[in-house]
Amino acid sequence: MDEFYGGYNYTSNCDGTTVSAADNIQDVDEDDVLIIDGLTKRFRLPGWRVAWILGPKEFIKAIGSCGSYLDGGTNVPFQEAAIPMLEPTKVREEMKALQTHFQMKRDYCLSRLREIGFVFKHVPDSTFYIWLDLSGLPAEINDGLNFFQRCLEEKVIVVPGIFFDLNPAKRRDLFDSPCHHFVRLSYGPKMGHLKRGLDGIERIVKSFR
């Protein structure tokens, strides 16, 4: 289970509650579940390259052996610096601040996008991404690839939805994808960047109406 986004939870009034598969594990050595987490997303320290895996001892031992041959693991000073950051009270306070900040940015983006004319059937309650439905836009920009191209011209980056389509062996034509009329938008950047990006999206939509 990838739990790097486990702290980006907006379902509990920003009280610092995180979401984890660990809540459902009864015996860590009997349940065949591996949980992967780290400082990259929740603590916004991707450069530290500090992460961990929780799971049955036999799996962890095998993974540790592989890791020692591949890269030797994270450097010791960063490991030691990470330990006090993971004290439970500090983590809780950090998650409260994280959730409050990112929920504010989410709400700003949703408000701006609604003003532009986008419709949301569901409000995202985790991570820092919005799955943006383009199907209500004019035909020239209502698919992920064309919308992406127009965004590039405005120096705005979105990710076409088809890049997230699970399509084993390429059995389905790319343009028949259920993700074809979507893009993924991130509200991870600073607020100033978000404002400029949404201004660009607004200009694109207005130019086709």
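Predicted model: local features only at pLDDT ≥ 70, side-chain atom pairs only at ≥ 80, totals over all residues.

Reader: How many aromatic pairs does the structure hold, and what is the geometry of the one between Tyr5 and Tyr129?

Author: The structure holds eleven aromatic pairs. In the pair of Tyr5 and Tyr129, the centres are 5.9 Å apart and the planes make an angle of 65 degrees. Planes over 60 degrees apart count as edge-to-face, so the pair of Tyr5 and Tyr129 is edge-to-face.

Reader: How many residues apart are Tyr5 and Tyr129?

Author: Tyr5 is in the segment before strand S1 (35-38). Tyr129 belongs to strand S3 (residues 129-133). The pair links distant parts of the chain, and the separation is 124 residues.

Reader: Which parts of the chain does the pair of Phe118 and Phe147 tie together?

Author: Phe118 and Phe147 form an edge-to-face pair, 6.5 Å centre to centre with 85 degrees between the planes. Phe118 and Phe147 are both buried. The two residues are 29 apart in sequence, so their pair ties together the loop between helix H3 (88-116) and S3, where Phe118 lies, and helix H4 (residues 144-153), where Phe147 lies.

Reader: Which charged end sits over the ring of Phe102, and which over the ring of Tyr129?

Author: Over the ring of Phe102, 4.4 Å from its centre, sits the charged end of Lys105. Over the ring of Tyr129, 3.7 Å from its centre, sits the charged end of Arg184.

Reader: How many salt bridges does a search of the whole structure find?

Author: One of them is formed by Arg42 and Asp37, with their closest N and O atoms 2.1 Å apart. A search of the whole structure gives a total of ten.

Reader: Are Arg42 and Asp37 buried or exposed?

Author: The cut-off for buried is under 20% relative accessible area. Arg42 has 11% relative accessibility, and Asp37 has 4%. Therefore Arg42 and Asp37 both count as buried.

Reader: How many residues apart are Arg44 and Glu94?

Author: The side chains of Arg44 and Glu94 meet in a salt bridge of 2.8 Å, N to O. Arg44 is in the loop between S1 and strand S2 (51-54), and Glu94 is in helix H3. Arg44 is partly exposed at 40%, as is Glu94 at 26%. The pair links distant parts of the chain, with a separation of 50 residues.

Reader: Where is the partner of Glu154, Arg203?

Author: Glu154 and Arg203 form a salt bridge of 2.9 Å, N to O. Both are partly exposed, Glu154 at 28% and Arg203 at 45%. Glu154 is in the loop between H4 and strand S4 (159-160), 49 residues from Arg203, which is in helix H5 (residues 191-207).

Reader: Which residues do salt bridges join into one network?

Author: The salt bridges in question share partners. The residues they join are Arg112, Asp199, Glu202 and Lys206.

Methods
Residues numbered from 1 in each chain as written. Heavy atoms only, no water. Phe/Tyr/Trp six-rings, centres within 6.5 Å; stacked < 30°, edge-to-face > 60°. Helix = DSSP H or I, 4+ residues; strand = E, 2+ residues; numbered from the N terminus. Buried < 20%, exposed > 50% of the residue type's maximum accessible area, 1.4 Å probe, protein only. Lys NZ or Arg CZ within 6 Å of the ring centre and 35° of its normal. Salt bridge = Lys/Arg side-chain N within 4 Å of Asp/Glu carboxyl O.
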